[in-house]
Amino acid sequence: MNQEKFFIKEDLKKPIILVFIAVYIFAVVLVFLNEPQNALTYTGLSIGILFLCWLIIDLTKKIKVQDIEIKRPGLELIFGLLILIIWDYLPLPKIDFGDKWNIGIIIKKTIIFLGLPFLFLKFRKNSLASMGLTSKDWEKNLWVGFIVFLALAIPNAFFVGNTGSEILSGKYSAPQVGIGLFASFIYFFLMAGFSEEFLFRAFIQTRISYLLKSSVSGVLLTSLIFGLVHIQGIMQWYPGTTIAEAFCRAFFLQTFIGIMFGVLWERTRNLIPCVFVHSGVDGLNNLFSIITKLGL
């Protein structure tokens, strides 16, 4: 079908949007109280990502999306949320190859985030196209993903992490950075980009939007879930981080990045741009850890 207007005035009255606005105000107050040094960076990035969503909507005006009919969206959504619960709270069998590349985690995450939901949707007779696994308009979708990644690259490299300053320091040569970026993109495509976008966008967001009869509500609620599930990881990645600090980081970074992924999905119904940007952002943030792993 042809693209419709993504956001209309009536959307402002929807409960999910009002809840999201309330959470945003709470997060702004919290970050000013606990991390005033990060307050402007966080709020600035969140506002910048919303402008980027406007760019995505403009770039995708000519891309036709497929209507998706879901017979029992509630049942399928419950299954998708159960997968998140299984991943976060159940003691899963450990797969350990004893190497520095975390291959066991990649295999386990691929099985749980990608394999199980894919088999479930195929059993429910969902088509590959409805899951975003289609090559239709792949050139346009890849181009959109590339432009969005470029728009994110500089603020992400300089304000979210230290990638930009490390590159400019001259500590690493151009071949190191080039090979590292390629390897890092591939690594995070396998670690997170493909599996997470399939579960959160093609599976969970699609069913939330269908149930709520609102694409905007589906994007915001899924993005809130996407941000909140990162809190535990943030506290592990950054020892000494309080839960308030982890919440603010997850909300202003992961939740808002999730909004951008969600808009990309709704405007294309194709995983190509979502996976490309997700893998690229994660790869850029972790570039130097990958260079170290490669021994370059």
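Analyst: Start with the term. On a 1 Å grid over the protein atoms alone, a cavity is a set of points where a 1.4 Å probe fits but cannot get out. Lining residues have an atom within 4 Å of a point. Points are joined across faces, edges and corners, and a volume is the space filled by probe spheres set on them.

This is a predicted model: local features need pLDDT of at least 70 and side-chain atom pairs pLDDT 80 or more, while totals for chains, interfaces and linings use all residues. Residues are numbered from 1 along each chain as its sequence is written, and side-chain values use heavy atoms, without hydrogens and water.

Now the search. Over the whole structure, one cavity of 30 Å³ or more turns up. The largest cavity holds about 30 Å³ of space. Its lining is made by V23, L224, G227, L228, F247, A250, F251 and T255.

Helices here are DSSP runs (H or I, at least four residues), numbered from the N terminus. α8 (215-228) and α10 (243-268) each supply at least two lining residues. The top contributor to the lining is α10, with four residues.

By type, the lining has six nonpolar residues, two polar and no charged. Ala, Val, Leu, Ile, Met, Phe, Trp, Tyr, Cys and Pro count as nonpolar; Asp, Glu, Lys and Arg as charged; the others, Gly among them, as polar.

F251 leads on to the core. A nonpolar core is a set of buried Ala, Val, Leu, Ile, Met, Phe, Trp, Tyr and Cys residues joined through side-chain atoms within 4.5 Å. Buried means under 20% relative accessible area (1.4 Å probe, protein chains only). The largest such core has 66 residues, and V148, F251, F252, I259, M260 and V277 touch the most other members. α10 again gives the most, here with 15 residues.

Take M260. Contact means heavy atoms within 4.5 Å. Beyond four places in sequence, M260 is in contact with I49, L52, C53, I56, V148, L152 and V277. Another core lies apart, with six residues, including I106, F188, M191 and A192.

Which residues touch R201, leaving aside its neighbours within four places in sequence? They are E196, T206, T222, F226, G258, F261, G262 and W265. R201 sits in helix α7 (residues 174-212). R201 counts as buried because its relative accessibility is 0%.

Methods. On a 1 Å grid over the protein atoms alone, a cavity is a set of points where a 1.4 Å probe fits but cannot get out, and a pocket is an open set with protein on both sides within 12 Å along at least five of seven lines; lining residues have an atom within 4 Å of a point. Buried means under 20% relative accessible area, exposed over 50%, partly exposed in between (1.4 Å probe, protein chains only).
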